[in-house]
Amino acid sequence: MFYNLKINQVYDILKRERMCLMFKRYVDVIVYHDKRGEIQPLFMKWENKTYKIEKTECIGMRNSHVGATGVLYLCQINGKLRNLYYEKKSRWFVESSQP
């Protein structure tokens, strides 16, 4: 269906159809590691701005909407819930509607 279209054309079609195209965005995360090996994200850096993570709940291994798999942390940042994933490659990412 979308094979011969450029990404901007695909994005416009999805927007028109009220569908959401999600992108994988890698972010810097400051974390706390305790002696049991538990990880708790404390801060996330997104587009040169650092955000405090107010609450965190580790959900476990999940597939994201962008097709990747990682440990899902449900985080409250500025009063809004965000999905933050930790990949096996020791990298953090979020799902974003912006490329």
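Mentor: The largest pocket has a volume of about 160 Å³. A pocket, on a 1 Å grid over the protein atoms alone, is an open set of points where a 1.4 Å probe fits, with protein on both sides within 12 Å along at least five of seven lines. Grid points are joined across faces, edges and corners, and the volume is the space filled by probe spheres set on the points. This is a predicted model, in which local features need pLDDT of at least 70 and side-chain atom pairs count only at pLDDT 80 or more, while totals for chains, interfaces and linings use all residues. Residues are numbered from 1 along each chain as its sequence is written, and side-chain values use heavy atoms, with hydrogens and water left out.

The lining of the largest pocket consists of Met 44, Trp 46, Tyr 51, Ile 77, Asn 78, Lys 80 and Arg 82; a lining residue has an atom within 4 Å of a point. By class, 4 of these are nonpolar, 1 is polar and 2 are charged. Here Ala, Val, Leu, Ile, Met, Phe, Trp, Tyr, Cys and Pro count as nonpolar, Asp, Glu, Lys and Arg as charged, and the others, Gly among them, as polar. Strand 2 and strand 5 (80-86) each give the lining at least two residues. Strands are DSSP runs (E, at least two residues), numbered from the N terminus.

Next, the charged pairs. The structure holds 4 salt bridges, each a side-chain nitrogen of Lys or Arg within 4 Å of a carboxyl oxygen of Asp or Glu. One of them joins Glu 47 to Arg 25, with the closest N and O atoms 3.2 Å apart. Because Glu 47 lies in the loop between strand 2 and strand 3 (49-63) and Arg 25 in strand 1, this pair ties together parts that are 22 residues apart in sequence. Glu 47 is exposed at 55% relative accessible area, whereas Arg 25 is buried at 18% (buried means under 20%, exposed over 50%, partly exposed in between, with a 1.4 Å probe and protein chains only).

Asp 34 sits in the loop between strand 1 (23-33) and strand 2 (39-46). Its salt bridge is with Arg 36, the closest N and O atoms being 2.8 Å apart. Asp 34 is buried at 17%, while Arg 36 is exposed at 68%. The side chain of Asp 34 also reaches the backbone nitrogen of Glu 38 at 2.8 Å.

Glu 87 and Arg 91 form another salt bridge, at 3.8 Å between the closest N and O atoms. Glu 87 is buried at 6% and Arg 91 partly exposed at 37%. Lys 24, Glu 87 and Arg 91 are linked in a network of salt bridges.

Last, the rings. There are 4 aromatic pairs in the whole structure; rings of Phe, Tyr and Trp (its six-membered ring) pair if their centres lie within 6.5 Å, and planes under 30 degrees apart count as stacked, over 60 as edge-to-face and the rest as tilted. Tyr 73 and Trp 92 have ring centres 5.4 Å apart and planes at 50°, so this pair is tilted. Tyr 73 is in strand 4 (residues 69-77) and Trp 92 in strand 6 (residues 92-96), 19 residues apart. Both Tyr 73 and Trp 92 are buried. Tyr 85 and Phe 93 make a stacked pair, 4.9 Å centre to centre with 10° between the planes. Tyr 85 is buried at 2%, as is Phe 93 at 0%. Tyr 26, Tyr 85 and Phe 93 form one aromatic cluster.

Definitions and conventions: Helix = DSSP H or I, 4+ residues; strand = E, 2+ residues; numbered from the N terminus. Polar contact = N/O pair within 3.5 Å; in protein donor to acceptor, adjacent residues only side chain to side chain.
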